Amino acid sequence: MKFKPWGCVGLAGVILLSGCSGGKEAASPKMSDDGKKIVVVGTKGSTRFLQEAEKKFEAAHPDIDIQLKKYGTPEKKNDGGGMQVAPEMTQEEYDRLIQQINTEVLSGKGPDVIDTTGLSLGVYANKGAIEDLHERMKKDSSFKPSDYYEGIWQASEINGGLYALPTSFFIENMMVDTRKLQQAGVKLDDTKWTWKDFFDIAIKVKASSNDEVYALGSNSPKGDLLFSIVESEYDRYVQHDQKTANFDSDEFRQRMQQVKDLYDQGFITQDIGDKDKLIFSQNTMSNSGLLAVMTYLPGWKSILPPTEAGGAAGPSFKAYGGFAINAKSGVKDEAWAFMKFLLSPEMQQSSEFIGIPMLKELVKAQFEESKKLAANKDAFIQIDDADAFNQHVDGMLSLLDQPGKPFAMDPKIQSMMREEFDTFMVGQKSAEEVSKLIQSRVTTYLNE
């Protein structure tokens with residue numbers, strides 16, 4: 001799936017861009033007092049990983065001065081000497097922060113390396129404010145894209161260009177209890193199934209069981225299942241480049257009703273720990289060890305998520321730590337060198353690293369380590385059938401090589417959907433009323 005440009009819209013709000021233009025005229029390099037080229041790296045998130053990278057990169061490149069620019073409230077030291085996260089911002093504060101960053105970048109200013117998490121990546125690309133990293137890769141013989149999960153990059157493209165380089169990713173894993181399917185006489189082909197199949201299977205399995213059975217275990221807000229449905233084929237519902245949406249449809253109203261029915265009929269439970277009661281389970285896997293071990297349960301199988309049309313191509317994922325190069329930076333080569341360092345084995349194994357590594361060899365090594373632990377009867381992982389576990393781990397490793405689907409819903413649209421869908425869930429408005437309101441609000445938003 002290709003991300004569609006989102007118009008001139010930030011993640012937290014709309015920004016008027018009448019005077020904004022990226023352009024590609026690079027500025028002159030900024031120099032430190034001791035004659036080093038300055039590379040400014042801007043981020044809203046934690047700086048601990050970047051602080052480690054800064055120290056190690058500068059040691060290897062004494063002619064470059066990495067300067068971290070933390071947007072928002074800085075992190076502070078706690079009494080024990082460690083870092084603590086700054087207090088959460090209010091929505092209004094976050095909106096102002098996003099507007100500040102967008103204004104800087106789209107006016108040709110801003111940092112040389114930009115942490116794009118939560119920012120208007122499609123807008124930046126359309127305005128020429130950031131570099132196409134595919135071009136960097138082609139010209140750099142020392143960089144081998146095949147060493148990394150290229151499917152993550154391909155799925156994150158904007159009109160064929162790669163404008164942010166994720167340092168890691170999370171997997172949205174779905175599993176099914178195959179024993180419950182067999183007992184109900186249900187067959188599931190996860191390469192073809194749809195969301196309609198998901199609802200039909202849940203109803204049939206629950207009806208065939210005398211035990212307490214739930215379709216899904218989730219501690220998320222009730223609207224999140226509807227968001228998963230929309231995200232599974234986002235461009236089916238929202239076309240950012242055309243500024244159109246398709247929520248005023250019988251298909252969307254049917255999905256709304258099906259989600260409501262699952263809750264009203266007690267098909268979804270907040271108790272996600274008791275797998276014996278669940279038909280399907282969905283969890284975010286944030287590191288390789290969890291992905292290898294927590295997806296292995298006797299009688300359970302990892303499956304591809306359903307889509308509206310059927311035919312899922314690969315796992316769902318969330319890219320993490322995406323960095324872009326400012327098109328007006330005067331130190332683009334140095335910026336690229338720093339971004340490559342973030343993808344190096346040294347930094348991908350950092351204790352401050354978050355997520356599943358982009359570097360294939362590290363994931364494979366971590367999966368092999370899981371196999372060794374599983375074979376050790378004294379280890380904290382207790383696996384009864386080591387051969388079956390090894391086959392499972394190999395299958396998960398192969399799955400990562402498949403091009404996946406990014407979770408990419410515009411949070412502003414998600415917020416609109418949540419507000420209107422909540423009124424349907426409590427019976428205040430009909431499905432038709434809510435779908436038309438969502439359609440109207442989203443269309444207005446896309447055209448602002």
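Accessible areas here come from the Shrake-Rupley method with a 1.4 Å probe, and for residues only the protein chains shown count as cover. This is a predicted model, in which local features need pLDDT of at least 70 and side-chain atom pairs count only at pLDDT 80 or more, while totals for chains, interfaces and linings use all residues. Residues are numbered from 1 along each chain as its sequence is written, and side-chain values use heavy atoms, with hydrogens and water left out.

Q: What percentage of the accessible surface of the protein belongs to carbon and sulfur atoms?
A: The accessible surface comes to about 20600 Å². The share of carbon and sulfur atoms in that surface is 47%.

Q: How many helices and strands does the protein have?
A: Helices (H or I, at least four residues) and strands (E, at least two) are DSSP runs, numbered from the N terminus. Counted that way, the protein has 17 helices and 16 strands.

Q: Is Glu-172 buried or exposed?
A: Glu-172 sits in strand 6, residues 168-177. Buried means under 20% relative accessible area, exposed over 50%, and partly exposed in between (1.4 Å probe, protein chains only). Because its relative accessibility is 9%, Glu-172 counts as buried.

Q: Which side chain does the side chain of Glu-172 join in a polar contact of 2.8 Å?
A: A polar contact is a pair of N or O atoms within 3.5 Å; within protein, one must be able to donate a hydrogen and the other to accept it, and residues adjacent in sequence count only if both atoms are side-chain atoms. At 2.8 Å, the partner of Glu-172 is Thr-284.

Q: Where do the buried residues of helix 1 lie, seen down its axis?
A: Helix 1 covers residues 48-60, and its buried residues are Phe-49, Leu-50, Glu-52, Ala-53 and Phe-57. Seen down the axis, they fall within an arc of 155 degrees (taken from the directions from the helix axis to the C-beta atoms), so they line one face of the helix.

Q: Which exposed residues are carried by the face of helix 1 turned away from its buried side?
A: An α-helix has 3.6 residues a turn, so residues three or four places apart point the same way. On the face turned away from the buried side of helix 1, the exposed residues are Lys-55 and Ala-59.

Q: Which side chain makes a polar contact with the side chain of Lys-180?
A: Lys-180 belongs to helix 6, residues 178-183. Lys-180 counts as buried because its relative accessibility is 11%. Its side chain makes a polar contact of 2.7 Å with the side chain of Asp-177.

Note on methods. The expected span of a helix is 1.5 Å times one less than its number of residues.
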